[in-house]
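Subject: Structure for your review, with notes on its pockets

Dear colleague,

Please find the structure below, followed by my notes on what was found in it. I would be glad if you could read the two side by side.

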Amino acid sequence: MAASHRQLVTVAPQARPRPPRRPGLAATMLDSYCLLWLGTLLAAILAIPIAGQLRGVFAFRFALAPPGTASMAALIAANNIREAAIPFLLAALPLAHRRRLLLVGDVVVAASLAVNVALGGLALGAYGPGLLRYLPQWPLEWGGLALALAGWRRARRGRRDPCELVLLALGAATLLCLAALLETYAVPQA
């Protein structure tokens, strides 16, 4: 028998680059919440130099609010839920791989949320920290809107899970109803 010159050689496996991880639901919700607060802060900072003019436009009075009622809380909640419904309705539509429709959705969602964020930030910049005692609902309200924004952001990336959207919508509605109760009953009242 002839001896062969065979040798065992180990070949190192090729290192494959990992595909970039898409943020999970919790990260998207937190990012969305931070985006709303960042927009509020930016609007407040931009309002400081023109605070006098903005106070003339807004004409807010720091007066005691009338006693809250259940119907007032329901109207506030309905208005907030209507704002949150825009991103959820767009997220429910099958827009995947339709760039133009996604762009239209981005513009509509951004505009609807930017109006709320800008008005709040401009008012805060115009009136200063004294306004905060009239805004105890803000963390919950921005939380509800952040859940709506998170639903849109996940759906536009192709992660349109109907069950997830329903849970986000229920969470947003709950936060917005609690925010409406705070806005109705927790502000300084007569």
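Leaving aside its neighbours within four places in sequence, which residues is Gln 137 in contact with? Before the reply, a word on the basis: this is a predicted model, in which local features need pLDDT of at least 70 and side-chain atom pairs count only at pLDDT 80 or more, while totals for chains, interfaces and linings use all residues. Residues are numbered from 1 along each chain as its sequence is written, and side-chain values use heavy atoms, with hydrogens and water left out.

With those sequence neighbours set aside, Gln 137 is in contact (heavy atoms within 4.5 Å) with Ala 179, Leu 182 and Glu 183. Gln 137 sits in the loop that runs between α4 (99–127) and α5 (138–156), where helices are DSSP runs of H or I of at least four residues, numbered from the N terminus. Gln 137 counts as buried because its relative accessibility is 3%, the classes being buried under 20% relative accessible area, exposed over 50% and partly exposed in between, with a 1.4 Å probe and protein chains only.

Gln 137 also belongs to the lining of the largest pocket, which is made up of 28 residues, with Phe 60, Tyr 134, Leu 135, Gln 137 and Glu 183 lying nearest the pocket's centre. The elements that give two or more residues to this lining are α3 (70–92), α4, α5 and α6 (162–185), and α3 gives the most, with five residues. A pocket here is an open set of points on a 1 Å grid over the protein atoms alone, where a 1.4 Å probe fits and protein lies on both sides within 12 Å along at least five of seven lines; lining residues have an atom within 4 Å of a point. The volume of the largest pocket is about 810 Å³, taken as the space filled by probe spheres set on the points, which are joined across faces, edges and corners.

The second largest pocket has a volume of about 180 Å³, and its lining includes Leu 35, Asp 106, Trp 152 and Arg 156. Two or more residues of that lining come from each of α1 (25–47), α4 and α5, and α4 gives the most, with six residues.

Finally, a search of the whole structure finds zero disulfides (a disulfide being a pair of cysteine sulfur atoms within 2.5 Å). Cys 34 is partly exposed, at a relative accessible area of 44%, and Cys 163 is partly exposed as well, at 48%.

With best wishes
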